[in-house]
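Hi,

Here is the structure I said I would pass on.

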Amino acid sequence: MAHFCEVDENNIVIRVIVVGNDDVKNENGEEEEAVGQAFCTSLFGGTWVQTSYNNNFRKRMGQIGGRYDEELDMFIGLPPFESWTLNKTTGEWEAPVARPLDDKYYYWNEESLIWVEFPDLSSNSQN
């Protein structure tokens, strides 16, 4: 199966579909994105970009509301928080402060722009 994202005029993903492998093969039986794009366009119109369910190319699977960056040739997911910035090499969103590298669990506090350690619930005893 092959996966394609329909993108709007701003390259925002508005739909993700799955098509059969035969629908992306050229006359030589080789898979070709342009063939799949033409197939999707013939069915639905619009602009289509192939995506990878296994994240084998374009960094990640396209998702509705995310966008396709033509210059970077990658799908970019929604930022988890407003303060986070996109790493244009990895395609990952990064916090303005690195998460502590230890065995503890943290959550991001957007208001304070810090990582906050989850309380250790195992030390609370109930009698």
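This is a predicted model: local features need pLDDT of at least 70, side-chain atom pairs count only at pLDDT 80 or more; totals for chains, interfaces and linings use all residues.

I'd start with S1, which covers residues 2-7. This strand is mostly covered, with 6 of its 6 residues buried. Ala2, Phe4 and Glu6 point one way from S1, while His3, Cys5 and Val7 point the other way, and both sets are buried.

S1 has neighbours to pair with. It runs antiparallel to S2, and 6 bridges join the two. It also runs antiparallel to S3, this time with 5 bridges. If you want landmarks, Glu6 has Arg15 as its bridge partner in S2, and Cys5 stands opposite Val49 in S3. The hairpin of S1 and S2 has 5 residues between the strands, and there Asn11 takes a positive phi near 65°.

Leaving aside neighbours within four places in sequence, Glu6 is in contact with Ile12, Val13, Ile14, Arg15, Gly45, Gly46, Thr47 and Trp48.

In soluble globular proteins, nonpolar side chains tend to be buried together. In this model, the largest nonpolar core has 7 residues: Ala2, Phe4, Ile17, Val19, Val24, Cys40 and Trp48. S1 and S2 (13-19) each supply at least two residues of this core. Take Val19 as a way in: beyond its neighbours within four places in sequence, it is in contact with Met1, Ala2, Phe4, Val24, Phe39 and Cys40.

Apart from that core lies another one, of 6 residues, including Cys5, Val7, Val49 and Phe75.

**Salt bridges**

Side chains of opposite charge can pair when their charged atoms come close. How many salt bridges does a search of the whole structure find? The search gives 7. Here are some to click on:

- Arg58 and Asp73 meet through their side chains, at 2.7 Å from N to O. This pair links distant parts of the chain, 15 residues apart: Arg58 is in the loop between S3 (47-51) and S4 (67-69), and Asp73 is in the loop between S4 and S5 (74-76). Arg58 is buried at 14% relative accessible area, whereas Asp73 is partly exposed at 36%.
- Glu92 and Arg60 form another, with their closest N and O atoms 2.7 Å apart. Glu92 counts as partly exposed at 43% relative accessibility, while Arg60 counts as buried at 13%.
- Lys25 and Asp22 form a salt bridge too, with the closest N and O atoms 3.8 Å apart. Lys25 is partly exposed, at 33% relative accessible area, and Asp22 is exposed, at 62%.

Arg58 and Asp73 also belong to a network of salt bridges that includes Glu33.

While you are in the loop between S3 and S4, look at Asn55, which lies there as well. Asn55 is partly exposed, with a relative accessible area of 42%. Setting aside neighbours within four places in sequence, its contacts are Arg60 and Met61. The C-alpha atoms of Asn55 and Thr90 are separated by 12 Å, and the two residues are 35 apart along the chain.

S8 (residues 106-109) and S9 (residues 114-117) run antiparallel and are joined by 4 bridges. Tyr107 has Val116 as its bridge partner in S9. There are 4 residues between the strands of this hairpin, and Leu113 takes a positive phi near 60°.

Which residues form a nonpolar patch on the surface? Tyr105, Tyr107 and Phe118 do, with about 370 Å² of accessible area together. Tyr105 sits in the loop between S7 and S8, and counts as exposed because its relative accessibility is 65%, against a cut-off of over 50%.

Cheers

Note on methods: Residues are numbered from 1 along each chain as its sequence is written. Side-chain values use heavy atoms; hydrogens and water are left out. A salt bridge is a side-chain nitrogen of Lys or Arg within 4 Å of a carboxyl oxygen of Asp or Glu. Buried means under 20% relative accessible area, exposed over 50%, partly exposed in between (1.4 Å probe, protein chains only). Two strands pair if DSSP finds at least two bridges between them. A nonpolar core is a set of buried Ala, Val, Leu, Ile, Met, Phe, Trp, Tyr and Cys residues joined through side-chain atoms within 4.5 Å. Contact means heavy atoms within 4.5 Å. Patches are made of residues with over 30% relative accessible area and no salt bridge: like charges are joined within 9 Å, nonpolar side chains (Val, Leu, Ile, Met, Phe, Trp, Tyr) within 5 Å. Accessible areas come from the Shrake-Rupley method with a 1.4 Å probe; for residues, only the protein chains shown count as cover.
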